Amino acid sequence: MKGEVKMKSKMKWVGLVGLVLSAFSIFIHFLLARFTQMGVADYESSVTIFSWRPIFEKPYFPTNSPSYRRLWGPVKPLESLYPDSNPRGYYADADSQTNGFIFVRIQGGFYEIRNSICDVVVVSRLLNATLAMPEILSTTSSKGISSQFKSFAYLYNEEQFVLSLAKDVKVVRTLPKNLKGARRKKEIPVFKVPNSASPFYYLHHVLPILKKHSVVELVISDGGCLQAILPPDFEEYQRLRCRVSFHALQFRQEVQELSAKILQRLRAPGHPFIAFDPGMTRESLAYHGCAELFQDVHTELIQHKRSWMIKRGIVKGKLSVNSAEARLNGSCPLMPEEIGILLRAYGYSRDAVIYVSGGEVFGGQRTLIPLHAMFENVVDRTSLSIPWELIRLYGQEINLVNTPHGPPPFVEEVTKLATWKNAGPRPRPLPPPPARPKSYNIEGWWGWVAESDNEPDSTIMELRTNAHKLLWEAIDYMICVEADVFIPGFDRDGKGHPNFASLVMGHRLYQSAASKTFRPYRKEAAKLVDEIRDNMYRANHTWLKSVRRHLRKTLLDGIIEASNNSKPLSFLSHPVPECSCWRRDPFEVSKNSSSPSTSQAWTALGSAHRCPAWMDTGTFSELKDKENEEEVDEDNSVSGLFFGQSVGNHEVDGEVNNTKEDNQFEDQEELEGGER
């Protein structure tokens, strides 16, 4: 009996200790939730580090195997191209005595802001002017944004910007007090600068006014205030653009830290990853007439936006466009499904990691469902970060009351209101209830499209979200630049100019030219996809080789196309040869190359400038050995089916019966052409 009493006493003490520990644990959880300024529900959702858990079905190829090099390895002909944006001739330091101050207001999104800042720095150097820190209207006009970050500092590091350009341009954080007052009174001259203005415009129109008033204000709205291709005498100004974009414009510390964490989580499994930018915004789809690629109300929304653009002269054309023809002509973006088909056909396995970038994907997650069906590991920044990390990124913001979204008032209510207003003398009918404010939800579009040519004014929360998009795209930008492989779905914006993807491809070409960057020709890619769409589960070997040849071709020929089409619109989309140098003479190597596309690419890159001596590390023999490498292995990464089939308890990809000779031919073709 005594033993039983002692046992019960011990059990009571154990239970009591357990209750105390549980209460203490709950108390600590509440403290943590309050400390991170989130609710209990938010804290519980952040217990997991991030929601993505990679699924890998196959052992990975050795990094020295031909299959690995074909999928993830560098582009050999570009391995000797290195970044070099330093001045090459006489280049004086910034003059302490300037002609006056330039104040800049920039309107637009991520691409417009970054491109315009590079242009205004060059304009300041050209006019020997002091540049006041540019003002980004997308942030200052948004309500409820944290006061911790002001305008330029909301996105970029001000201190880094000023210090990096100390020898190029004199930069001040703000205008002097007397000029500030004159600006508030609207007493300083303002120029609404045309897009792609020439140096002649600034030297003959802006400079005399600057000298007279000691200050001018520039308003930039189209993503650039200086023409992309400058005369040969202005080549040093092109290199200044590169120093601004790729060195001076560093994101603020919080953005860089979160981007580094996401990159670390992407690379944690030890596998390389692909970055994919859809480029599908409502504006770009409307501008290029791609409404019929979608269904239901999405088509109507695109047409409504296109009508709005036509009335304002942005689009010159008809409202109704045959989207099927536009797609086959390469005017429309490649859909995520089509990008998935091309990647699977090239040989990327079902478990390849794909990072989807972009501040907006029109159509929402529904458009990404086919891509998720083809690849297990499709992620974005939301699945690789947690709420408190984003809250730290935004800073201390004012809490706004969300007005519940609802449908517009019924037609009967509108009719009653009109009848009441137009009624004669009393007795008058009772007035209807007050009309609810017109509002809509981004994913569940309400009926405002059919009611007015003008879209509803943005709510305060929408203004804040637009500002947050700049931070989201900054994170995506850093990840896309560092990705092992990058592929864009579209490289044009809502005005036909280069977009976010163009900036990424230009930065990758400057920073690591040999990294794999596919630039699919949309016209040819659309035809290839249509050939297999009705028989996707049984792709024949000839079609697979056509897709592979097409994508390999774009690694070099895409650079030629960017030089001809993108560079005249945006220098940062193709900053070579002005901002690059060769470790070896490209024309000597091109003579030894059997691939015509390689020779054409070197001609398009076209710089015989040799890198400085300090960049030579004695690795020419290693590069030459790689070029003469003739190791050929059977490619087992080819999958003929784009969706897995269940076989017993395992899910495997169907395989095409490729012969060893065919695989050897493909690998040898890549070795000879240097497209690996």
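Helix α19 (residues 460–482) lies across β8, β9 and β11 (485–488) and runs at about 145° to β9. Axes are lines fitted to C-alpha atoms, for helices over the stretch in contact, and angles run from 0 to 180 degrees between N-to-C directions. Helices (H or I, at least four residues) and strands (E, at least two) are DSSP runs numbered from the N terminus.

This is a predicted model, in which local features need pLDDT of at least 70 and side-chain atom pairs count only at pLDDT 80 or more, while totals for chains, interfaces and linings use all residues. Residues are numbered from 1 along each chain as its sequence is written, and side-chain values use heavy atoms, with hydrogens and water left out.

## The five-stranded sheet

Strands β8, β9 and β11 belong to an open sheet of five strands with parallel pairing, in the order β10-β9-β8-β11-β12. The edges are formed by β10 (377–379) and β12 (516–517), each of which has a single partner strand, so one side of each is left without a neighbour in the sheet. Two strands pair if DSSP finds at least two bridges between them.

Within this sheet, β8 (residues 273–277) and β9 (residues 353–356) pair in the parallel sense over four bridges. F276 stands opposite V356 in β9.

## The chain as a whole

The chain has 26 helices and 15 strands. Of its 676 residues, 51% are buried; buried means under 20% relative accessible area, exposed over 50%, and partly exposed in between (1.4 Å probe, protein chains only).

Among contacts (heavy atoms within 4.5 Å) between residues at least 6 apart in sequence, 81% join residues at least 24 apart. The accessible surface of the chain comes to about 33,000 Å², of which 55% belongs to carbon and sulfur atoms. Accessible areas come from the Shrake-Rupley method with a 1.4 Å probe, and for residues only the protein chains shown count as cover.

## An enclosed helix

Helix α15 (residues 336–346) is largely enclosed by the rest of the structure, because ten of its eleven residues are buried. Among the buried residues of α15 are P336, E338, R344 and Y346. Just after α15, G347 takes a positive phi of about 125°.

## A buried aspartate

D84 is placed in the loop between β1 (81–83) and β2 (101–106). With a relative accessible area of 5%, D84 is buried. Leaving aside residues up to four places away in sequence, D84 touches R239, Y510, E578, C579, S580, C581, H609 and P612.

## Backbone features in loops

Most residues other than glycine have a negative phi, and most peptide bonds are trans. N128, which is not a glycine, has a positive phi of about 50°. This residue, N128, lies in the loop between α4 (110–127) and β3 (130–132) and is partly exposed, with a relative accessible area of 26%.

S214 is not a glycine either, and has a positive phi of about 65°. The place of S214 is in the loop between α9 (199–213) and β7 (215–220), and its relative accessibility of 34% makes S214 partly exposed. A cis peptide bond, with omega of about 5°, joins V576 and P577; P577 is found in the loop between α22 (541–566) and β13 (580–582).
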